[in-house]
Amino acid sequence: MITRRKLFTGAAALASVAALERTARAAEKAAPADPGERFPPGESGKDYTPVVTPNGVALPFKIVDGVKVFHLIAEEVPNHEFAPGLLAHCWGYNGRVHGPTIEAVEGDRVRIYVTNRLPEPTSSHWHGILLPSGMDGVAGLTQKPIEPGETFKYEFTLRQHGTYMYHPHFDEMTQMAMGMMGMFIVHPRNPKRRPDRDFAYMLSEWKIVPGTMRPDPMEMTEFNTLTLNAKCFPGTAPMVVKKGDLVRIRLGNLGAMDHHPIHLHGYYFKVIATDGGEIPEAGQWPETTVLVAVGTTRTVEFIADNPGDWAIHCHMTHHVMNQMGHGLPNLLGIDKSQLDKKVKAFLPGYMTMGQDGMGGMGDMGMHVPRNSLPMVGAPGPHGYIDMGGMFTILKVRESLTSYDDPGWYQTPPGTQAGLASNADLQRDLGFIPDAKPTATPPRKHEH
Ligand SMILES: [Cu+2]
């Protein structure tokens, strides 16, 4: 924080760091709510490496008398595409779901206009940002709601840096279930280090009943569309990085009910910050999965020293499925051949599913209801990628001429899992295993 750093340099003669900390904290408490220590507007490229919002954009701004001026327009966004085959009429900002990423620099004075084109009032809350109470955006508590057709003005000086978010604080249940949210990134004024690649993701969840075109805001448990930046795999763009890049990934969660353990393959990372600020180095333990609870952000960093195509996804297995129904009977291990024969007599093409597991179901080209993608994944370099929802790919390459999608990774010789040869099996196991599928005998009716 700028105020604290200034105090540090000013009071360097003081004996202990602890005393300094105490002084700084006391001074911060006594300081006015908005100390307004303004700096000239931070410049992209010079003061910071711009954040990449995969499948998203940054919110443009202009500078008026040294103030960064942004404009958000809350409105319906028709036909938002979650992945090819799944569209919905959502609510968002500036024609996008979710809203564009707001990006600024510590010490910037920002003025944010919010125009309401929704059929009901709204407001804008700046999650995690330290600001005067009247700018906090809680309808009824700190401001009047923004009525349809009105434009409100928010203005404050950013006196911290980190990963924050914005969302309405009026009828949140509906407005956030419809997609109204975005990331708010504040870069440090004097960074200790700068990432080569800096990505931002908003995690959220939706209930879109197959065949319908509007998310259902009443849903509390059965979310069926789990998204990264409002896209589900295969609609999610990959993250492309060069070998050796310092990679930062910012994750925010404004879903309704679910926490998401986001897991990265091929690497470990360190959690360097939350929406409360930076974590001191001594507290940054290594992880491969970071739990991003509802209403929090987590920022992780690692050096991309391991080339390849690496999955990054929520580790909740039902969060990497698209529109999976959850009220189905468990058919694993059931012999359904007699049933299929009977049903096929009056429903040609009928097939009971799930008795041998559900892998590959998305690849069967089944007839599905209009506007739905149950179980759909995508073709990969080695077959079908049986994933959906909160899943994307980190693509790390030895050399790149641009950060456009470089295609699939070519595995170097000797580094590819594949079918074992009989010679290998004989040499190492001493025999060739019987690989016939084992099946438990069909269950008998118990009553
Ligand atoms: Cu999840």
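Predicted model: local features only at pLDDT ≥ 70, side-chain atom pairs only at ≥ 80, totals over all residues.
Student: Is D65 buried or exposed in this one?
Tutor: D65 is exposed, because 7 other C-beta atoms lie within 10 Å. Residues are numbered from 1 along each chain as its sequence is written.

Student: Where does D65 lie, and what is its phi?
Tutor: D65 is in the loop between β1 (62–64) and β2 (67–83); strands are DSSP runs of E, at least two residues, numbered from the N terminus. Its phi is near 50 degrees, a positive value in a residue other than glycine.

Student: And what about the phi of N79?
Tutor: N79 is not a glycine either, yet its phi is positive, about 55 degrees. N79 sits in strand β2 and is exposed, with 9 other C-beta atoms within 10 Å.

Student: Switching topic: which residues do the cis peptide bonds join?
Tutor: One joins V97 and H98, with omega about -15 degrees. Another joins F233 and P234, with omega about 10 degrees. H98 is in the loop between β3 (86–93) and β4, and P234 is in the loop between β11 (225–228) and β12 (239–242).

Student: What order do the strands of the open sheet take?
Tutor: The four strands run β4-β9-β8-β6, with mixed pairing; two strands pair if DSSP finds at least two bridges between them. The edge strands are β4 (102–105) and β6 (125–127).

Student: How many bridges join β6 to β8?
Tutor: Three, and the two strands run antiparallel. H127 has M165 in β8 as its bridge partner.

Technical notes
Buried ≥ 20, exposed ≤ 12 C-beta atoms within 10 Å, placed from the backbone.
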